[in-house]
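Keep the sequence and the model open while reading.

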Amino acid sequence: MRHTANPLDLDDIQGNILRGYGFPAAGYLFVRVDDPEAGRRWVGELVDPVTTAAEWVEGKPEHTLNVAFTAPGLSALGVPERLLATFPPAFVEGMRARADLLGDRGPSDPARWDDGLGQGTAHVMVTVDTLRAGALGEHMDDLRAYVERPGSGLAVVHEQRAAVFAHARDQFGFADGFAQPLVEHSGMPPRSGRGTPGRWWGWKPVKPGEFVLGYEDEDGLLPDSPAAPLGDNGTFMVYRKLYQDVAGFRRFLRAQGARFPGGEEKLAAKIVGRWRDGTPLVLSPDRPDPAISGDLERIDDFRYRDDLDGFRCPLGAHIRRTNPRDALGWGGMRTKRHRIIRRGMPYGGPLPEGVLDDDGADRGLVFICFNASIERQFETIQHQWCNDGNVFGLGADRDFLLGGPEGTGKMTVQGDPPVIVSPMLPFVQTRGGEYLFMPGLDALRALAAGFG
């Protein structure tokens with residue numbers, strides 16, 4: 001059944017896709033299924049605890065639970081080949097097979113990835129978010145103990161925990177989580193800058209089919225989806241563990257900022273496209289503005305049509321490359337099919353303020369996004385926008401934060417005169433990842449019932 005005219009089936013769609021939980025801590029448990037029957041039985045036990053997208057009428061719960069599957073995981077659960085063949089190639093191949101396209105080379109090469117990620121052994125990912133950060137350990141330990149009980153037919157292959165920092169800052173010290181797409185019928189309050197740019201001005205909610213299968217997308221079509229009974233109300237998830245070299249980034253800013261007009265804080269803002277408090281350079285190019293960063297109606301309400309030369313926000317700035325808005329012309333029409341919903345969270349403790357020497361700790365970002373098409377959405381952003389500067393007129397310049405090891409190794413900061421920033425260092429390194437499918441609840445029940 002397709003939902004071309006009906007509102008979203010929020011009781012069947014898993015939570016955290018259309019509306020972020022906003023919880024302070026999360027844990028991600030990757031599980032291998034050794035016994036298909038035992039795996040299906042476990043999936044059946046997970047259905048009732050799974051958190052849906054339905055509105056919380058009694059306030060936020062103490063914790064949430066969601067579940068997703070890799071392509072090898074669906075096979076391990078007994079999904080027949082005829083049904084697996086209806087999934088898109090990117091998902092079936094998996095992230096490791098597409099590492100070269102994603103720019104995962106050098107220090108990000110899959111050979112260096114954490115155990116259990118991208119190796120075909122992670123079949124099921126269970127995510128637990130908790131309202132109290134201190135409660136995460138108990139929930140994760142209980143889940144792990146259940147999976148690892150004798151005779152379970154299951155095994156834990158990887159575990160990651162993450163927690164939000166004060167003021168929602170990332171490891172590099174920038175406020176994060178802006179510019180999330182406003183999805184039509186999701187129940188989220190409309191805010192300027194969160195939707196699709198209108199041809200001349202204003203913002204429109206993004207059609208749900210860009211993120212949830214079975215609904216109309218921005219072209220008025222139904223996105224390609226797996227065959228029944230798995231497709232409807234599902235989505236594809238991208239999970240990437242990204243190590244951040246905080247000490248290296250600070251040392252770079254200290255050294256380069258001494259020669260950069262405006263100093264290291266302005267250089268950091270030029271690289272990202274926002275000041276550390278979230279103020280967009282397009283709106284305030286010379287200093288952070290608390291009146292903007294503290295106003296949810298203003299912080300994302302900007303376009304690039306009045307800054308086509310990049311004198312305010314550089315053409316290669318991180319936020320301009322990952323969400324070009326109207327920077328590619330045609331009033332934003334060239335970018336509306338390439339949006340993603342992000343649900344990232346820092347992992348590892350922060351490096352103390354002002355410290356320039358690496359302490360050896362593993363810290364970074366758990367990057368998660370949801371999209372109806374991994375190739376058209378996430379991979380376009382990563383491959384064509386971050387790793388290739390041609391679409392922005394930047395040649396081989398890559399995203400200075402996320403780009404791969406090849407390319408020019410520099411960033412051009414437009415101005416009179418322009419400033420060349422180099423060398424480009426591996427500030428962010430991929431430590432592992434998976435492409436996953438997050439089914440609707442009816443599809444979960446079908447997985448549990450089997451296909452015999």
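Helix 1 (residues 36-47) and helix 12 (residues 441-449) have axes that come within 8 Å and cross at roughly 150°. The model is a predicted one: local features need pLDDT of at least 70, side-chain atom pairs count only at pLDDT 80 or more, and totals for chains, interfaces and linings use all residues. Residues are numbered from 1 along each chain as its sequence is written, and side-chain values use heavy atoms, with hydrogens and water left out.

**Helix packing**

- Two packed helices are described by the angle between their axes and the distance between the axes.
- Axes are lines fitted to C-alpha atoms, for helices over the stretch in contact, and angles run from 0 to 180 degrees between N-to-C directions.
- Helices (H or I, at least four residues) and strands (E, at least two) are DSSP runs, numbered from the N terminus.
- Helix 1 and helix 12 are therefore roughly antiparallel to each other (angles under 35 degrees count as roughly parallel, over 145 as roughly antiparallel, 65 to 115 as roughly perpendicular and the rest as oblique).
- The crossing of helix 1 and helix 12 is left-handed (the near helix is turned anticlockwise from the far one by less than a right angle; clockwise would be right-handed).

**Aromatic pairs**

- The whole structure holds 19 aromatic pairs (rings of Phe, Tyr and Trp, the last by its six-membered ring, pair if their centres lie within 6.5 Å; planes under 30 degrees apart count as stacked, over 60 as edge-to-face and the rest as tilted).
- Phe91 and Phe236 form a tilted pair, because their ring planes are at 55°, with the centres 5.5 Å apart.
- This pair links distant parts of the chain: Phe91 is in helix 4 (residues 89-93) and Phe236 in strand 7 (residues 235-244), 145 residues apart.
- Both Phe91 and Phe236 are buried (buried means under 20% relative accessible area, exposed over 50%, partly exposed in between, with a 1.4 Å probe and protein chains only).
- The rings of Phe172 and Phe249 have centres 4.5 Å apart and planes at 35°, so this pair is tilted.
- Phe172 lies in the loop between strand 4 (154-163) and strand 5 (196-197), and Phe249 in helix 7 (residues 246-257), so the pair ties together parts that are 77 residues apart in sequence.
- Phe172 counts as buried at 6% relative accessibility, and Phe249 counts as buried at 2%.
- One aromatic cluster is formed by Phe172, Phe249, Phe252, Phe400 and Phe427.

**Salt bridges**

- The count comes to 30 salt bridges (a side-chain nitrogen of Lys or Arg within 4 Å of a carboxyl oxygen of Asp or Glu).
- Asp219 and Arg337 meet in a salt bridge, at 2.5 Å from N to O.
- The two residues are 118 apart: Asp219 is in the loop between strand 6 (203-204) and strand 7, and Arg337 in the loop between helix 10 (318-322) and strand 8 (341-342).
- Asp219 is partly exposed at 45% relative accessibility, whereas Arg337 is buried at 14%.
- Arg363 and Asp359 also meet in a salt bridge, at 2.9 Å from N to O.
- Arg363 is buried, with a relative accessible area of 4%, and Asp359 is partly exposed at 45%.

**Arg325 and its contacts**

- Arg325 is in the loop between helix 10 and strand 8 and is buried at 3% relative accessibility.
- Arg325 forms a salt bridge with Asp300, the closest N and O atoms being 3.9 Å apart.
- Asp300 lies in the loop between helix 9 (290-293) and helix 10, 25 residues from Arg325.
- Arg325 also lies over the face of Phe302, at 3.8 Å from the ring centre (a charge sits over a ring if NZ of Lys or CZ of Arg is within 6 Å of the ring centre and within 35 degrees of the ring normal).
- Phi of Arg325 is near 55°, a positive value in a residue other than glycine.

**Other backbone features**

- Phi of His185 is near 75°, which is also positive in a residue other than glycine.
- A cis peptide bond joins Asp416 and Pro417, with omega about 10°.
- Another cis peptide bond joins Ser422 and Pro423, with omega about 0°.
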